[in-house]
Amino acid sequence: MENCSLCRCGSETVRASSTLLFTLSYPDDKTGKNYDFAQVLKRSICLDQNTQWGPARAEEEHGVYVYDLMATVVHILDSRTGGSLVAHIKVGETYHQRKEGVTHQQWYLFNDFLIEPIDKHEAVQFDMNWKVPAILYYVKRNLNSRYNLNIKNPIEASVLLAEASLARKQRKTHTTFIPLMLNEMPQIGDLVGLDAEFVTLNEEEAELRSDGTKSTIKPSQMSVARITCVRGQGPNEGIPFIDDYISTQEQVVDYLTQYSGIKPGDLDAKISSKHLTTLKSTYLKLRFLIDIGVKFVGHGLQKDFRVINLMVWQGSFKSLLLRVPKDQVLDTVYLFHMPRKRMISLRFLAWYFLDLKIQGETHDSIEDARTALQLYRKYLELSKNGTEPESFHKVLKGLYEKGRKMDWKVPEPEGQTSPKNAAVFSSVMAL
């Protein structure tokens, strides 16, 4: 087959197209009506699936089933890097109604670092020279009305139980967490302290424009390296039940040790002494906790979940299995924040309210997660036990005044104490 393009100037360009394979869907019409090949082909690959054989119900009665194209995955060719995969996904009405309050469908493009709405025709425009179709995903029309498609939670609670480490040198004496017992399995609304640490895989690539502004060619790529979850209630409150170091085969350009506590070798199965696991294994644990409806407590969790690439619903959202808590993320960044003011670090909050000095040389995710839990308890104490309606506002005002005086730095001398004699909550146990 040849594609002919006629320019306005009158010149004609003829280009031979590549062969594509389609599975044809033939109508099982008992009336004996004949359909030409063009009709059958159009019906098989047409995006809108507008056919001439009547409504879907009548079609199904005659043995004809209509499938709508819902997603395509294409391979973008690049001789230098080997290319990449890009997905085009037709997002349904439920999402838009929840997000925008209107009912419609829209195609979106998904690549490594971009999600963007696109025209529906872009999803099915292929060019074998650079845009090769890899997957065409169809869904049977009216499937929801005929079948119960509620997906039961495929992740079992066993993912939180003890598992072997990938690290060859890891010993039981080096274990930094205690796995959950069967009688400790989290329930809806339970508190879980969470903290994550990251490393850099690729540095940002940028160029300087002629007007002096910076243009980002390729953003930096972060990868999760450690995820810690601590118990938020019960006799073992504050003790971690997940402390996973994520094994990676990719080259790490910066371990960000000062901020992450991750050192070279921690993610290498040959020499690491940490509890090393795969990203998939840790994803399953977090996905189970999210789906079961726990409340995550931490500092800066919005950014953490974005880099981890997991969606945790906030606001009223009906899960497939249960009613997820309205506030599933309790972020101490926002709990101790005044509008139009700067965000306050976990280290300063811990010193001011808890008389704790954390993050001395490096960050430790167990320490950070446990501290966030203590701060949340302190927030509940200050916001609910105040006798005056403006009492908590006064507390925040005092916090910001002290922060400005000290330039938001925790005093270094050992003898210096916090301006608040806030007791550390005894319910949070040490390891």
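View 1. Helices (H or I, at least four residues) and strands (E, at least two) are DSSP runs, numbered from the N terminus. This is a predicted model, in which local features need pLDDT of at least 70 and side-chain atom pairs count only at pLDDT 80 or more, while totals for chains, interfaces and linings use all residues. Residues are numbered from 1 along each chain as its sequence is written, and side-chain values use heavy atoms, with hydrogens and water left out. Of the 431 residues, 36% count as buried, meaning under 20% relative accessible area with a 1.4 Å probe, protein chains only. The chain exposes about 26,400 Å², and carbon and sulfur atoms supply 51% of that area (Shrake-Rupley method, 1.4 Å probe).

**View 2. An open sheet of six strands with mixed pairing.** Follow the order β13-β12-β11-β8-β14-β15; two strands pair if DSSP finds at least two bridges between them. At the edges stand β13 (276–277) and β15 (329–331), each with a single partner strand, so one side of each has no neighbour in the sheet. Strand β14 (residues 295–298) pairs with β15 in the parallel sense over three bridges. Look for F296, which stands opposite V329 in β15.

**View 3. Helices α6 and α7 across the strands.** Helix α6 (residues 279–292) lies across β8 (191–202), β11 (221–231), β12 (240–246), β13 and β14, and runs at about 145 degrees to β12. Helix α7 (residues 301–308) lies across β8, β11, β14 and β15, at about 55 degrees to β8. Axes here are lines fitted to C-alpha atoms, for helices over the stretch in contact, and angles run from 0 to 180 degrees between N-to-C directions. Contact means heavy atoms within 4.5 Å.

**View 4. Strand β3 with its antiparallel partners β7 and β4.** Nine bridges link β3 (residues 67–76) to β7 (residues 131–140), and H75 stands opposite V132 in β7. Six bridges join β3 to β4 (residues 84–91), where T72 stands opposite H88.

**View 5. The crossing of helices α10 and α11.** The axes of α10 (residues 365–384) and α11 (residues 391–405) come within 7 Å and cross at roughly 125 degrees. The two helices are therefore oblique to each other (angles under 35 degrees count as roughly parallel, over 145 as roughly antiparallel, 65 to 115 as roughly perpendicular and the rest as oblique). Y379, L382 and S383 of α10 meet S391, F392 and V395 of α11 in this contact.

Methods
Buried < 20%, exposed > 50% of the residue type's maximum accessible area, 1.4 Å probe, protein only.
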